[in-house]
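Some questions about the terms used for a structure, each answered from its definition.

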Amino acid sequence: MLELKKVSAGYGAFKALFDIDMSVQAGEAVGVIGPNGAGKTTLLRVISGLIRPWSGTITLNGQEIGGKPAYEIVAAGIAHVPENRRLFPRLTVEENLKIGAFVHSARGQLRERLAWVYDLFPRLKERRNQLAETLSGGEQQMCAIARALMSRPTILLMDEPSAGLAPVIVDQVFELVQRIREEGFTVLIVEQNIQSLLDVVERAYLLEVGTIKLAGTAAEMREHPFVRTAYLGM
Amino acid sequence: MDTFLLEAMINGILLGGVFALLTIGLNLIFGVIDVVWIAYTELVMVGMYAIYCLYSGLGLPLLVACLIAVAFVTVLGALVHFLIIAPILDSPPINQLLATGGLLFFLQSFATLLFTTDFRNIGVRLPSLQLGGMFISTARLLAFIVALIAVTCLYLFLKYTYWGLAIRAIAQDRHIIGLMGIDQRWAYGITSAIGGALAGLAACLLVLQYDIQPFIGNSFGPIVWMNCVFGGLGNLVGGFLSAFIVSEIIAISGYYISTDLSYACAFAAFIVIMFFKPRGIFSK
């Protein structure tokens, strides 16, 4: 469904991604692991259109989306939960969700979509009139995911959903991811918490210094000697 | 309390209405687009001349002339953004400052060329309202009421529409706005057009109180800027309230000290307050 072919990208003169080939099939959950500075966030940013690819092609259901502005890519069906959640702090929870339904196809169904995400995350319904900055870290992540779901994306990109959260909350966040999966969403997740990530994804890529070093199913990655020594500490 | 002081205070509040319009317009542009429109009150000057041409020149009814002028300045606001700001959006702030500063001189010189520096007025003077022993300026009362209605409409727009929501969101985090499906160029264009509309509306209200000349913007520019900083740059509610606080300082000091010194008093108060609250009186 989502396909990257020989994608390169970077910032200014600095190249962060080198000829990335990657694909995500409908209904799949795919993870991207790798150390800090490997280019994981850049990879998501280039897919969602926050930065333009230098070369290569990115297609969604066969349609070229590489180089299109972010607002068109959302409308095409890719939603991105950015690193550190990035809620609008002085908008209420419901306003944050409403802005997630800004794309034209979603506006007419605001009521239904709100009811649906409140059903998924009842906690948000309780807090719907609170400013987003007053939510706890876990609730903010919930709200950020819900905001992205409001556009009913065909694929959901998540950047380090567990970053900066207390260990107990991290478990809850991975349960959330699991719930989203059960709803039938296709997800592409970047994570440093590899152990937990491999529990919720089917396949994973290992990204190091901007290139894909390894790819395989979650089980293969877990058993791979290199991943075990370098990333799982076994 | 003596009636003259009360009269001064009421006129002060009424004066605050137009200042509030302009402060909110400028603050909105600053908060959302993060650029400084030095030439903002020159748009008011353009609007006043537009009314002068349409009403005194072409003989259109005043209300029609005002509506056309507001539409004209609204478009002008959007044009300032798309022609001047958009190409240099990623440049250092000083370049943007210089560009809008250049616009200020351009508009003032252009107006001088077209209309000379003679003072003009449209010859409409509303009578004063006598209330008890006090004289209240009807033009200011009208300006105050219209300004409040306009601010209420803007509030409803920002609070309840998708684009209003988008504009508030951009002011909080512009970098991820594309991820919400929002085309930033449109949001900036709409914001600038609103800024223009508020300046145009202010022109309609001020043309009933002041003579028109190419440098009339200088009479309001500094005070509007001060209001913005006073209430916290980009803070709409703060700017709205500080417009009234500042005009009240002007009115009261005008009464107790001297009308010639009233603006100086407001600026002196501003400087003192900036020592204690450099980010505006409503900052935490």
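Predicted model: local features only at pLDDT ≥ 70, side-chain atom pairs only at ≥ 80, totals over all residues.

Residues are numbered from 1 along each chain as its sequence is written, while chains are lettered from A and ligands numbered from 1 in the order in which they are written.

Q: Why are strand S4 (residues 55–60) and S5 of chain A said to pair?
A: Two strands pair if DSSP finds at least two bridges between them. S4(A) and S5(A) have 2 bridges, in the antiparallel sense, so they pair. A:Thr59 stands opposite A:Glu64 in S5(A).

Q: What describes the packing of H1(B) and helix H9 (residues 236–256) of chain B?
A: Two packed helices are described by the angle between their axes and the distance between the axes. For H1(B) and H9(B) these are about 145° and 6 Å, with axes fitted to C-alpha atoms over the stretch in contact and angles running from 0 to 180 degrees between N-to-C directions.

Q: Which residues does B:Met48 touch, not counting residues up to four places away in sequence?
A: Contact requires C-beta atoms, placed from the backbone, within 7 Å. B:Met48 touches B:Ala203, B:Leu206, B:Val207, B:Ile212 and B:Ile216.

Q: How many residues of chain B are in contact with chain A?
A: 14 residues of chain B are in contact with 23 of chain A.

Conventions
Contact = placed C-beta atoms within 7 Å. Helix = DSSP H or I, 4+ residues; strand = E, 2+ residues; numbered from the N terminus.
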